[in-house]
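Grab a pencil and open the structure viewer.

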Amino acid sequence: EAIADALEGGEDTTSFYAIKIIYRVGIITSCIMFVYIIGYMFKMLFGDELVIEQEVVIVEEITRSQYEAEQRLKKKRGEKVDETIPIVKKKQSKVRQRRGKRD
């Protein structure tokens with residue numbers, strides 16, 4: 001009844017403007033609270049933060065002798081030795097042949 005009595009005066013009364021402002025503040029506050037509640041629910045579902053992991057692959061070219069030395073060192077330490085043989089593409093080089101007798 002109090003609200004109805006305040007609004008009887010029409011839109012030009014002070015009480016009408018006060019109620020209108022309180023109504024708008026209430027709507028804005030409820031929208032903000034709704035956003036916080038939705039955010040809290042997402043936080044409960046997905047965790048505190050999203051972690052993006054990237055995998056970095058470094059390709060290193062080594063000579064066969066370096067590879068074999070590393071494998072021997074691993075074998076001495078008792079670590080697992082890689083049984084695969086790396087594929088190395090070598091540049092074509094001219095082969096010189098010696099003529100004559102070798103000592």
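The exercises below work through a predicted model, one spot after another.

**Exercise 1. Find the aromatic pair and classify its geometry.**

Solution. Start with the count: there is one aromatic pair. Its partners are Phe42 and Phe46, whose ring centres sit 5.8 Å apart. Ring centres have to lie within 6.5 Å to pair, so this one qualifies. Next, check the angle. The planes meet at 15°, and anything under 30 degrees is called stacked, so the pair is stacked.

Now place the two rings on the chain. Both belong to helix H2 (residues 14-46), and they are four residues apart, about one turn of the helix.

**Exercise 2. Are Phe42 and Phe46 buried or exposed, and which nonpolar patch do they belong to?**

Solution. Take Phe42 to begin with: its relative accessible area is 46%, so call it partly exposed. Phe46 comes in at 56%, which makes it exposed, given that the exposed class begins over 50%.

For the patch, look along the surface. Met33, Phe34, Val35, Ile37, Ile38, Met41, Phe42, Leu45 and Phe46 make up a nonpolar patch there, and together they have about 960 Å² of accessible area. Phe34, another member of this patch, is also found in helix H2. With a relative accessible area of 55%, Phe34 is exposed.

**Exercise 3. Check the length of helix H3 (residues 64-77) against what you'd expect.**

Solution. Count the residues: helix H3 has 14. The expected span is 1.5 Å times one less than that number, which gives 20 Å. Then look at the end C-alpha atoms: they are 20 Å apart, so the two values agree. Just past the end of H3, Gly78 adopts a positive phi of about 90°.

**Exercise 4. Which side chains form the salt bridge, and how exposed are they?**

Solution. The count is one salt bridge. It joins Glu79 and Arg77, with an N to O distance of 3.9 Å; the cut-off is 4 Å, so the bridge counts.

**Exercise 5. Is Gln71 buried or exposed, and what does it touch beyond its sequence neighbours?**

Solution. Gln71 lies in helix H3. Its relative accessible area is 10%, so Gln71 is buried. Set aside the neighbours within four places in sequence, and Gln71 is in contact with Val81 and Asp82. Gln71 and Asp82 are 11 residues apart along the chain, with 7.1 Å between their C-alpha atoms.

Key. Residues numbered from 1 in each chain as written. Predicted model: local features only at pLDDT ≥ 70, side-chain atom pairs only at ≥ 80, totals over all residues. Heavy atoms only, no water. Phe/Tyr/Trp six-rings, centres within 6.5 Å; stacked < 30°, edge-to-face > 60°. Helix = DSSP H or I, 4+ residues; strand = E, 2+ residues; numbered from the N terminus. Buried < 20%, exposed > 50% of the residue type's maximum accessible area, 1.4 Å probe, protein only. Patch = residues over 30% accessible without salt bridge, like charges linked within 9 Å, V, L, I, M, F, W, Y side chains within 5 Å. Areas by Shrake-Rupley, 256 points an atom, 1.4 Å probe, with all protein chains shown as cover. Contact = heavy atoms within 4.5 Å.
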